[in-house]
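Please look over the sequence and the structure before reading on.

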Amino acid sequence: MELKELLKELTDVSGVSGHEYEAAQVTVKLIEPFSDEVSVDKLGSAIALKRGDQIGENRKKVLLAAHLDEIGLMVTKIEDGGFLRITNVGGTDVTILPGQSVTVLGKEKLKGVVGAKPPHLQEPGESGRPVQMDDLYVDTGRKKEELTDIIEVGALVRIESEFTELSNGFISAMAMDDRAGVAVLVETLRRLKERKHEWDVYAIATAQEEVSGLGAITTAFHIQPDVAIAIDVTFGDGPGMPERRVSPLGKGPAIGLGPNFHPKITQKLSDLASEYELTHQIEVDPYPGGTDAYSLQVSREGVPSGLVSIPLRNMHSTVETLKLDDVKRCAELLSIFISRLDSKFQEDLKCF
Amino acid sequence: MLLEKLSNASGVSGNEKEIRQVIKDEVTPLVDEVSTDSMGNLFAVKKGSDSGLKVMLAAHMDEVGLFIDFVEGSGFVRFKKIGGLDDRILLSKKVYIGENKTPGVIGLKPIHFGNKGSVVGSDDMFIDVGASAKDDKLAKAGDTATFATKLVQSGDILRGKAFDDRAGCGVIIELLKNSYPFTLVGVFTVQEELGMRGARIAAYAVNPDFAFTLEGTTAGDTPTKRDVSPSTNMGAGPAITIMDRSFISDKRLVNLLTDTAKRDNIPYQFKRTVTGGTDSGAIHLQQGGIPSVTVAVPVRYIHSPVSLMNINDFNNAVVLMDKTLQRVPEI
C-alpha cells in the first residue's frame, strides 16, 4: 500500500481519546503484514512486535510510540428540540467548530452539524464576539424523541473531514495528529523487512495521549524497552506562525533536542540523517511534555528516549496538513536508526 | 438525486458557470426555450395555452463563498467574502478554488499558541493549497472558492451546502415538469447574494403578470438565549413570506397559497422574521410593478459550509406551488 493510501485509511476512522477501538483495529490490520505479533492491550493501545536477529535470552528492545487517539467532542445534554450540547475531549479548538460536519457515535452513527447561526438571525454585534463552547450544539435534524434510543449523554462526536490531497504532495485531513505517526510505525516496520536489525522492535499506537499520556505509560511499563522513540507531529510554518517556534513543512522530520530527550539519541538520529543525506531538522524544546516521550523517559528506572516529529500545519483542527515526503523521511530515518542499534550504543547511554 | 447535483455544484455570486450548466442540462428536456442574458441569468420557458397570462418563477443559482483577491509570494491565498458570511465559521474548512477546483484549506494558528480573545477576521485568514510559491494554475486573483461540502442524506434530513437557494432551483425544476394553462417562465438568477442584481434585469425582460420567488430560508428553530418566535421551523412545511426587508408580498398571492394549502391539507407556515431579502424585492419593482410573493423551504444554518433541510419541506413546497399555480388564472 502506498503511503498516501495508508494515511487515508488511518485518518478515515474515528479514535477520539478513550475510544480508540476502531482506529486500533485498522492499525492492527495495516501493520500485521510486517510484524511477528500484533495485539490490542486492555487500555486500547495497539501493539506490534517485529523480532530482530539477536539470539539468546537477554533481548534488547526498542519501542516506537505514536499516539492513536484524536481530539473530539462529547455530548453533555440533549435539549428538548433534539439539540446536543457538547464539551471537548482533549484540546479541541472551539473556534473551528461552527459550521463543521460531525458524526455522533451513538448506537448508530448519526450525521450532524455544529450549528452556525446565520447573520440574518444574529443580534447586533454578535459576530464580533468569540465563540464559546456554551453557545454551541450539534444538530442531527432529529427530534429528541427520535434520539432517545440512539444517543445518550456521554456519546462521543467525531469531527468529520474528508482526506484531501492538496498540490505538491501536501495532504490535509482530520487526526493527522497523530495518525501520521502511526503511519510512520507501519512504514518503518515495512522498511525493516529490507534492512537487517538486531533488536526487537515494538511499534505501539498509544491510547489517550491527548488527555493523559496513558498509553505510553502503560505499554512502556509492560514492555520495558531499552530505548524508546516517540513519533508525533510538531508545529509547521504558515502565515502568522513565529519562525522560532516552527519546523517548516518539506524540511524533513524534526529531531527533538532538549531535556526530555537523551542527548545521545538526538545526536545519533541527527548523525545518521546526515550520513544518509536525509533532509531533516532539529526542533528545540526546553520543557518535557506534549508528546509520549514525556512518559517514556521516566518509565520504571528510566528509558533513554528521543522524539522525531512530522511538521504539521493547523494542529488540532480538521485541516491538519503535512507533506508526504516528511512522513517518508521520518520512517526512513527510524528504520536506519533501528538497524544501527547495538550494545555499544546502549552502554554509552548511561555514560555522561 | 437532483438536490445532490444542485447542492454540490459551485456557483459563487458572479461566477455561476457550473451550477448554470447543471440546471441547463436538467431543464432543457422539459421546456420549449432555454436562454441566457447579459449577466448570466438562465431562462426556461414553457409555453401554455394562448391565454396571454405569464407567470415567472425565480430562484437564485448563486451561493455565498469566497473571492480570491491576492496570492502571496509564499503561495498562501488571501480572500474576500462574497455574501453574508460570519468570519467565525470560516476557520478549518475545506474549499475548492477556481475552475480547476483546486482543493485548499483555510488554515489557522493552533490552539497551543494562546487564548484567542478576539475573533480572527477573514482578512487575516489564508487558504493553503500546498503551494510554496505563487502558482496561477492553482489559484489566482479573481477566482472564486466554494465550500467543499458534499450532500449526505440521513432519513428525511439532507445535510449539504447552498440549499439557499438550490432548494428553490430544485422546486422550479420539479414544477417545469408540469403543464399549466399559461406561459411559465422559470428564471434561475445570478448575484442574488450581492443585492438581487440578476432578478432585477430578468424580471424586466420577462415582464410577467405574477412572480413567485422560491427560496431556501433561515430556519430559526434552534437554541436561542431570548424567547423569540423562530423565523421558520424545519419540518413544518414551506414558509410563505408576508414581508421582509426587501418587499411586501402581494396579498392575493399569499391568500391563494394559504387557501390552496388549507384546501389540500398541505403543511405551510409564515416566515416570522422580517430580516433578509429575496429576489422578490427586485422583481416587484420592475416594469409597472409585478405582484410577487416568496415561498421558501426552511433551512437551518444557511450561509455556512453545511446546512440541514428536511426533504418533506422541499416536497411540500413543490406540491403547494403546483396546486397554487393551477389556480393562478382565478385571480
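Does Thr149(B) count as buried or exposed, and why? Thr149(B) counts as buried because it has 24 C-beta neighbours inside 10 Å, and 20 or more are required. The model discussed here is predicted.

**Surroundings of Thr149(B)**

Thr149(B) lies in the loop that links β9 (144–147) and β10 (152–154) of chain B. When its neighbours within four places in sequence are left aside, Thr149(B) is in contact with Gly160(B), Lys161(B), Pro305(B) and Val306(B). Ser249(B) is 100 residues from Thr149(B) in sequence, and the two C-alpha atoms are 33 Å apart in space.

**Strand β17 of chain B**

One of the contacts of Thr149(B), Gly160(B), stands opposite Ser307(B) in β17(B). The strand β17(B) covers residues 307–310; Ser307(B) and Met309(B) point one way from it, while Leu308(B) and Asn310(B) point the other way. All four of these residues are buried. In a regular strand, side chains alternate between the two faces of the sheet.

| Strand paired with β17(B) | Residues | Bridges | Sense |
|---|---|---|---|
| β11(B) | 157–160 | four | antiparallel |
| β16(B) | 292–300 | two | antiparallel |

**A helix pair in chain B**

Helix α5(B), residues 251–263, and helix α7(B), residues 311–327, have axes that come within 9 Å and cross at roughly 115 degrees. The crossing is right-handed. On the side of α5(B), the contact is made by Leu256(B), Leu257(B), Thr260(B) and Ala261(B); α7(B) contributes Leu320(B), Lys323(B), Thr324(B) and Arg327(B). Sorted by class, the residues of this contact are four nonpolar, two polar and two charged.

**Helix α2 of chain A**

In chain A, helix α2(A) spans residues 21–31, and its buried residues are Ala23(A), Ala24(A), Val26(A), Thr27(A), Leu30(A) and Ile31(A). Viewed down the helix axis, these buried residues fall within an arc of 165 degrees, and therefore they line one face of α2(A). They pack against the helices α1 (3–12) and α4 (176–192) and the strands β1 (37–40), β2 (46–50) and β12 (200–206) of chain A.

**An open sheet in chain A**

Three strands of chain A form an open sheet in the order β10-β11-β17, with antiparallel pairing. The strands β10(A) and β17(A), the latter at residues 320–323, stand at the edges with a single partner strand each, so one side of each has no neighbour in the sheet. Four bridges hold the pairing of β11(A) with β17(A), and Phe170(A) stands opposite Lys323(A) in β17(A).

**Where the chains meet**

How many residues of chain A are in contact with chain B? There are 47, and they touch 52 residues of chain B. On the chain A side, β7 (109–114), β8 (137–139), β10 (164–165) and β11 (170–173) each supply at least two residues. The largest share, three residues, comes from β7(A). By class, this side of chain A has 19 nonpolar, 21 polar and seven charged residues.

How values were computed: Residues are numbered from 1 along each chain as its sequence is written. Chains are lettered from A and ligands numbered from 1 in the order in which they are written. This is a predicted model: local features need pLDDT of at least 70, side-chain atom pairs count only at pLDDT 80 or more; totals for chains, interfaces and linings use all residues. A residue is buried if 20 or more other C-beta atoms lie within 10 Å of its own, exposed if 12 or fewer, and partly exposed in between; C-beta atoms are placed from the backbone. The arc is that of the directions from the helix axis to the C-beta atoms. Two residues are in contact if their C-beta atoms, placed from the backbone, lie within 7 Å. Ala, Val, Leu, Ile, Met, Phe, Trp, Tyr, Cys and Pro count as nonpolar, Asp, Glu, Lys and Arg as charged, and the others, Gly among them, as polar. Axes are lines fitted to C-alpha atoms, for helices over the stretch in contact, and angles run from 0 to 180 degrees between N-to-C directions. A crossing is left-handed if the near helix is turned anticlockwise from the far one by less than a right angle, and right-handed if clockwise. Two strands pair if DSSP finds at least two bridges between them.
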